[in-house]
Amino acid sequence: MPGQNNSSQDQFWTLLSKKLSKEASAEELQELQSILLNNPDLHHHANMLTEMWQQGSINKGIGSEAAYMRHIMKHKDELFLEEDPIKINIDGSVSETDAGFLRAFFSRKKSLVYSFIGLIITTGVIYLFTQNRGAKLPPQQALSSVVTKNGNRTKIVLPDGSQVWLNAGSNLDYNNSTFNKDLREVSLNGEAYFDVTKNPDKPFIIHTKKMDIKVLGTVFNVRSYSNEKIAEAALIKGSIEVTLKDRKDQKIVLKPNEKISIANEEPRAEPKQNKIIPANTSHIPQIVVKELKPNPTYNIIGEIAWTQNKLYFEDETLEDIALRLERWFGKKVTIANESLKNVHYRGNYESETIEDVLSSLKLSKSFNFRIANDTIVIY
Amino acid sequence: MERTDDLISLGMRIANDDQLAYRQLFILFYNKLSRFVMGFTKSKELTEEIVSDVFINIWRRRKKMEEINNLKLYLYVSAKNITFNYLKKLHRENLTDLDSVEIEPEDPFADPGAALITREMNLKLKSAINDLPPRCKLIFTLIKEDGLTYKQAATLLDVSISTVENQLSIALKKISRAIRYTFRHN
């Protein structure tokens, strides 16, 4: 620029960058001021660069949550994931396991240990009672329990080699001593994807709140959270036989790519193209058997999307979505506005942050949300 | 940007086996470290592996967290060292040269409207930043986006502080030249 001292120009940039990076001394700041005073044409640049600097980058945070999951799965033996079941005896004592993680996990949190065990024992007792109705579970054996916390998923291998992928907020119980004797029985609350080794001599039975599922050797997904309205079992390969706890006489066999949905509480209206099994009385839950379809837009089968680290809502209420988000991200999500709870949404997400997911959902039907630390409020 | 005392308390919690704090640290730095590493490796898979190594080391050495003075710098230096080791093993030492780094900065203006920046100016800014010479762009990104201090950047890249000063100064000058050009055309 004509009439300007070149070195004073260079000095301007050096000082400005120091100011923006907060590295400038008091004298340097003053020097910058005087340069600006003498060169008003530089104001525009200074302002624009300051604005750019201060606005900061768009911290997308894209993919970091999914990357963290991959990281812990990669190093799961060193990080804490509850892969080995905790052996708890009926009298409340904890068996010595060789799971070193147990010691590391519990060593500093004594009070947590006792409340944790207390919880399992309660659940164990409930399951034993349920199973004792007609089942042959011997009373004095160790009950093994695998629990995931919200925000985490885990995979375990059962004594017969069957693999189970547990989704967040789920637990799977089984009797370690009797597991592979005559029957292979487990109890599930939550969601799990099973790959059961084939053994026609030893039926594999999964007990959930509303259904018992008997399999011979197959791949399928079961979803039965106690705080959700619908329980489902979806079959991918092989065949499974579902016995409804409320209707013991009726056994339903699923073929590959079929799924069964059972209302946990009140019956809910289902679309007419599916087979509806009519209820005998108004108290028996409504059951629907549907065909599994990959969603053409997203190219995944909704029910197993979570095993591929995809979060998929086909047509769910915001209330249900909030629960799913809680489990997926491990954060608390509450809906302050009652009228929002029943609005339906659909979506497909992979590595987005919870903020991205909510921003995207509200584009279709609007709502507001507020994030504070690990709590989200939708209003 | 992360506050130093926040990082100190995170570090202490991690030393006490707090996995939630560990996860927070991961989420806080994953993208920035990945971008930094990617500039050298130019490979998504290798980058993810390296960043995972950085963090598993943190967990393995968590009991010694108090010995780390500056967790943020430690993460970056660790990332660089692990990256250079991998590249050496792959016989791609040429990629460790700062002049071959290709770092991808974020969009310059998160909210162009607020600064009365036109779309055209924003695009010019973005391409001006992209056109910065590699070493210059790297230093600009580390200071502006990642919030490293001059000293941290100098230590990390093994250059002098005056190099960092100069490069940053050049960056701002080149960037504003792009705007000046646009301005004239109005």
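Trainee: Leaving aside its neighbours within four places in sequence, which residues is B:E2 in contact with?

Mentor: Two residues are in contact if their C-beta atoms, placed from the backbone, lie within 7 Å. By that test B:E2 touches B:L7, B:L28 and B:K72. This is a predicted model, where local features need pLDDT of at least 70, side-chain atom pairs count only at pLDDT 80 or more, and totals for chains, interfaces and linings use all residues. Residues are numbered from 1 along each chain as its sequence is written, while chains are lettered from A and ligands numbered from 1 in the order in which they are written.

Trainee: How far apart are B:E2 and B:L28 in sequence and in space?

Mentor: They are 26 residues apart in sequence and 8.2 Å apart in space, C-alpha to C-alpha.

Trainee: Why does B:E2 count as partly exposed?

Mentor: A residue is buried with 20 or more other C-beta atoms within 10 Å of its own C-beta (placed from the backbone), exposed with 12 or fewer, and partly exposed in between. B:E2 is partly exposed because it has 14 C-beta neighbours inside 10 Å.

Trainee: Which residues touch the most other members of the largest nonpolar core?

Mentor: A nonpolar core is a set of buried Ala, Val, Leu, Ile, Met, Phe, Trp, Tyr and Cys residues joined through C-beta atoms within 7 Å. Here the largest has 56 residues, and B:L33, B:A79, B:I139 and B:A153 touch the most other members. A second, separate core of 27 residues includes A:V164 and A:I240.

Trainee: How many residues does each chain bring to the contact between them?

Mentor: Chain B brings 33 residues and chain A brings 30.
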